Amino acid sequence: MKRIFLFLLILLISTSVCSAATITVPETCTVSDYKLVLEEQMTTEQTTSALSVFDFAAYTPVVSGVDNNTIYFTSEKDLARFCMHFSQSNNNYAFNREYSVFIKDKPTPVSIVFAKTYSCNNGARAVTLHVNSSRIQTAYAMGAAYCGDTNTAVRSSMNLNGKAITSRASQGTAHGYIDSPFYVENNIFDLHAYSTRTSGAGVDGSFLVFDSVTYTATMPEPSLIHDTVTCYVIIPEMIVVINSIPAVSVYEGSNLLGTTDNGGYLKITIPIGEHSFKFIKEGYWDYLTTLNIQNDTTINPELAPKTSLFQVSKQFEENIYPNSISKVKLDLEPIKNAYSTRLRVSGADVTKVYYNTQILPKTTDGSYILGDISNPQSLEIEYKTPSSWGQRTFTIELTATDLEGSAYTNLETINYEVLELPFLLEMSTFGIGNNNVKITDQSGSSYSVLLSLYNSEGSEVWSSSNNIIEYCDCSFEVPITEPGNYILELTAKAGTVKSYYSIEIIEPVKLITNKLTGNLGKVTTAKFAIYNPTDNVKYYYSTLECQFFNESINKTFSIAPGVNKTLELPFKVPDKLELENYQLNLKIYDNEKSELICSEDIILTISKNSFLPINMDSNNYLIILGILIIVIGAVIIYLKWGKK
């Protein structure tokens, strides 16, 4: 802070002789896509006060707001002007160029080439720059041409790619500021001064591109002290946080950047761009990585002990929710050739393991065979997440041998966080019929919700979507028509939230027999078994319908939780019927939902003359037939042996 205010004091003295304009800072800060962040931690008042000191010639940058040590500009052109020197009489730069520049929140390098030339009885002098960039963009140039006399023998000018920035052919100073298309190569920035008089003429200017550039400069011979070219490059610095194990030394080349503390933490500040890091700790294999740092970054180097044969890095899906399927990607880098590699997973319900685009089968000992590995490989473990949210963990074990047959083991802990669902889900025990699902938002935002029901073969049998408003609820009616195993998939917030629920529908009603035999004028009985899969007492009613009944036969009954109960529905066969066979229809309803949960047909056969009892099923008839055969056999034996 002292350094900034010392600079401002010097600036006040130097600008007191220059006619220029100062920046106006609005009372309300408007955030824009163009900003710079000062290295010094300053309050909004301090930054605003500092800006009031700067005097800009040619064009005064427009500031849209100040927020502590961040300054916002209305356009790229305004941001560019702020980064250049102030005027011909003051070649200083705001805040000594100690800031980082951001365009659309992307850290952006700034290249400023400053050049000047001066002629006094020297005739023509010129400085020419050929500037190249990696991309086509906009270049900005600010210049000042000045003369000490009004005479045709004294003049100065500046151009960018043939476009005039400023010129002067009379006593005084002229400033100019332009933007111009900037091509990948062959961009010419030239300054000319001509004077054959002692009054002299000069020109100086700044050329700025939001990029890293290369250039070549041509200057007259012999070069005077006033013929100069200087390049300034402002490269934003990003914070890199390292989370590892304690006492890890971090190097870039031979330069030690720091050492992690007792918690394995280290924070360093480095310029944007590509950097190669080496992580070193005794008893561990060195870990190397190259990253293109463009934003604040966290590195989690997984140093492998020398009892391990792989360096393993892990990458999770961004959001993990309860009752879902998640994946973790493991990048395996063999420290040396690994043979007979196997993977084991503990503490997770693994559904699939992908390796080399193939799904690996699980062996009888619970491992997955990866085989020989000599190059970096990736594998993916797909697993079911728990039903509750919070921090969770499971472990993987990689075993392998080297060429000499020495055994190595990697034990890796997989830590992950299951996020709380942004909504509250309420649903009763599912059964045959319509099942209510209620979803209430808890995140304070509006979004769409999609419910899909899949059968045991993975085919979608039903789906429905609805919009939910913040802190409100919406309901779905999920229809299930037959028993089986189902998966209810819930998708929300444009697919970023997914949750799955297993549903087992047990056949609630089962006929004891679907065929009956009855005698005219006698009572026969339909029998069925019904199961209550819920935790509550359930109430049902049944109806039996047939064409010879004037009214259906009804019965209401209750079943305790978890009980499978056999019920009888007796009815009297009319005295006179013309047909031998009739079709009855048995229907059973859930009293709470008033929904049909079963509809079964029963065939009734009329036996007009029969000494056998009614209500006999096939098993009973076989028993009676067996008894008759035994009786007849006994009579024959008696008659045969009785005569003797």
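Student: Which side chains meet in a salt bridge at 3.7 Å, N to O?

Tutor: Those of Glu382 and Lys352. Keep in mind that this is a predicted model. The general idea is simple. Side chains of opposite charge can pair when their charged atoms come close.

Student: Where do Glu382 and Lys352 sit in the chain?

Tutor: Glu382 belongs to strand 31, residues 377-384. Lys352 belongs to strand 28. They are 30 residues apart, so the pair links distant parts of the chain.

Student: Is Glu382 buried or exposed?

Tutor: Glu382 is buried, because its relative accessible area is 11% and the cut-off for buried is under 20%. Lys352 counts as partly exposed, because its relative accessibility is 32%.

Student: Let me turn to the sheet. How do strands pair in general?

Tutor: Strands of a sheet pair through backbone hydrogen bonds, either parallel or antiparallel. Here, an open sheet of five strands runs in the order 25-26-31-28-29. Its pairing is antiparallel.

Student: Which strands stand at the edges?

Tutor: Strand 25 (310-316) and strand 29 (358-359). Each has a single partner strand, so one side of each is left without a neighbour in the sheet.

Student: How many bridges join strand 28 and strand 29?

Tutor: Two, in the antiparallel sense. Strand 28 covers residues 349-355.

Student: What is the relative accessible area of Glu568?

Tutor: It is 39%, so Glu568 is partly exposed. Lys527 also counts as partly exposed, because its relative accessibility is 35%.

Student: Where are Asp590 and Lys538, the pair that links distant parts of the chain?

Tutor: Asp590 is in strand 47 (residues 581-590), and Lys538 is in strand 44 (residues 538-545). They stand 52 residues apart. Their side chains meet in a salt bridge at 2.9 Å, N to O.

Student: Are Asp590 and Lys538 buried or exposed?

Tutor: Both Asp590 and Lys538 are buried.

Student: Which residues are linked in a network of salt bridges?

Tutor: Arg342, Arg344, Asp365 and Glu397 are linked in this way.

Notes:
Residues are numbered from 1 along each chain as its sequence is written. This is a predicted model: local features need pLDDT of at least 70, side-chain atom pairs count only at pLDDT 80 or more; totals for chains, interfaces and linings use all residues. Side-chain values use heavy atoms; hydrogens and water are left out. Two strands pair if DSSP finds at least two bridges between them. Helices (H or I, at least four residues) and strands (E, at least two) are DSSP runs, numbered from the N terminus. A salt bridge is a side-chain nitrogen of Lys or Arg within 4 Å of a carboxyl oxygen of Asp or Glu. Buried means under 20% relative accessible area, exposed over 50%, partly exposed in between (1.4 Å probe, protein chains only).
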